[in-house]
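Here are my notes on the model below. Please keep the structure open while you read.

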Amino acid sequence: DSVGEEEVDEGERESRGSRGEREDLPVPGLCGFRNEGNTCFVNSSIQCLVHCPKVAFEFHKDYDSPLAKRFGEVVQNMWNPRNKVLSNGQIIQWMREKHKNQFVKGSEHDAQEFIRTFLEDIEIELHMNSDELVREAFSGEWLSIISCKKCGHESNTREIFYDIPLSIPNPRDTSQALMLETSLQHFLSPEDLSSQYKCAKCTLSTCQRRFQITKNPNLLVFCIKRFQSSPTSSSTNSYSATKLHHSIDFPFSNLYINHFSPHQSLQSKSNSKSKPKPTPKPQISNEYYHLIGVICHIGESLSTGHYIAYCLQQNSPKSDLTNPNSNLGEWYKFNDSYVSSLSPSSNIPAIISRDEPYILFYEKTPKIPPDQKSNDDQKLNEAKEEEEVEEEVNVEEEKDAGREEREEEERRERREKEMREIEEEERESMDIE
């Protein structure tokens with residue numbers, strides 16, 4: 001986690017003073033943070049959180065609770081144009097005192113772990129005062145759906161999420177860039193559960209689980225699972241987190257996630273005669289997202305790497321979201337105390353992708369980009385058609401079930417009639433004798 005003098009990239013306009021800090025960047029909010037001993041994971045996390053507009057706006061208020069108050073002071077100091085470099089010392093100290101074994105002084109830690117813990121702590125503080133800022137900004141909802149492939153039994157559990165972990169489907173294949181949408185589709189696809197999990201109805205180990213997003217968050221956070229455990233010694237059963245250096249292709253604007261949530265139930269259409277339990281439908285609305293922040297991890301492992309952040313400084317009221325070089329704002333690189341702007345004429349996606357994105361922050365776009373309206377209408381029509389097909393299938397299944405019941409009832413009546421005739425004949429034969 002060392003910060004040395006870096007070579008200036010083409011397309012990256014460095015503004016540095018004698019100590020390497022920001023100089024003559026007039027936009028409030030462009031402050032670096034001192035590295036106080038392997039604290040880059042905190043610095044990059046705070047930068048991305050502060051550059052979420054809703055968070056920055058709300059924390060310009062004064063709070064009485066300890067962590068929210070410290071964070072609010074940092075936000076307010078960042079928006080003072082006289083400040084160039086600040087300290088996160090009070091936030092770090094408070095987090096270390098509360099989580100004594102989690103963020104050890106002098107050691108490098110995981111930025112995702114810090115963000116989750118930090119937001120949870122602030123949410124608890126604000127909730128005590130009936131303030132739901134964190135939940136309103138970051139929380140979404142999904143259904144955890146477990147279905148049996150054999151009998152069709154299905155159980156749904158509604159859960160709140162604050163970020164979506166995206167795995168790399170083929171860790172050994174580094175030849176092609178991973179599409180973020182592909183990884184999201186992989187996350188939402190059915191996954192076979194282990195043999196230890198048994199169906200609550202038929203008790204067989206034939207279950208799948210999938211997630212279905214039912215409520216989109218205002219701020220959507222993705223975490224790329226770049227670190228995987230690998231054994232370091234077979235004799236000691238010790239493990240280390242090795243890093244996957246795959247390049248990630250991610251959209252800067254017009255990210256639409258509703259069509260990733262399938263509308264049809266995963267329940268088997270096998271020989272089960274039980275009527276399936278309908279799966280609640282997800283929201284279908286014209287919601288797009290645009291990128292506002294990226295945390296990158298540079299290095300080989302969690303314990304030896306370095307974190308930096310790229311953030312969109314949204315200083316323009318206009319909302320051209322069709323490309324990363326739009327006039328919505330300007331992109332900046334935050335490397336601890338160093339702050340540098342990215343030239344609008346440069347290849348901004350390539351610059352950020354080179355540093356191996358780890359956590360991505362998206363903000364919900366309040367309008368539909370004109371060039372995407374037709375695609376959105378098509379998706380909504382496709383969703384409507386899927387629902388109509390599902391309704392037709394359900395109607396046919398109900399008809400089939402009703403037909404089978406009527407046929408079974410007719411067979412039962414014929415058997416009863418035959419039995420009555422046989423009994424009558426037997427009685428008549430006995431009377432004759």
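Is Glu123 buried or exposed? Glu123 counts as buried, because its relative accessibility is 15%. Here buried means under 20% relative accessible area, exposed means over 50%, and partly exposed lies in between (1.4 Å probe, protein chains only).

1. Basis. This is a predicted model: local features need pLDDT of at least 70, side-chain atom pairs count only at pLDDT 80 or more, and totals for chains, interfaces and linings use all residues. Residues are numbered from 1 along each chain as its sequence is written, and side-chain values use heavy atoms, with hydrogens and water left out.

2. Glu123 and its partner. The side chain of Glu123 forms a salt bridge with that of Arg135, at 3.4 Å from N to O. Glu123 sits in helix H5 (residues 111–127) and Arg135 in helix H6 (residues 133–138), so the pair ties together parts 12 residues apart in sequence. Arg135 counts as partly exposed, because its relative accessibility is 37%. A salt bridge is a side-chain nitrogen of Lys or Arg within 4 Å of a carboxyl oxygen of Asp or Glu. Helices (H or I, at least four residues) and strands (E, at least two) are DSSP runs, numbered from the N terminus.

3. Other salt bridges. The count by this rule is 10. One of them joins Lys149 and Asp192 (3.3 Å, N to O). Lys149 is in the loop between strands E4 (140–148) and E5 (154–161), and Asp192 is in strand E8 (residues 191–192), so this pair ties together parts 43 residues apart in sequence. Lys149 is partly exposed, at 42% relative accessible area. Arg354 and Asp355 also meet in a salt bridge, at 3.4 Å from N to O. Arg354 is partly exposed at 43%, whereas Asp355 is buried at 9%. Glu409, Arg412 and Glu416 are linked in a salt-bridge network.

4. Strand E16. Six of the six residues of E16 (residues 330–335) are buried, so the strand is largely enclosed by the rest of the structure. In a regular strand the side chains alternate between the two faces of the sheet. On one side of E16, Glu330, Tyr332 and Phe334 are buried; on the other, Trp331, Lys333 and Asn335 are buried too.

5. Neighbours of E16. Two strands pair if DSSP finds at least two bridges between them. E16 pairs with E15 (residues 306–313) in the antiparallel sense over five bridges. E16 also pairs with E17 (residues 338–342), again antiparallel, over four bridges. Lys333 is the bridge partner of Tyr310, and in E17 the bridge partner of Lys333 is Ser340. E16 and E17 make a hairpin with two residues between them; Asp336 in the turn has a positive phi of about 55°.
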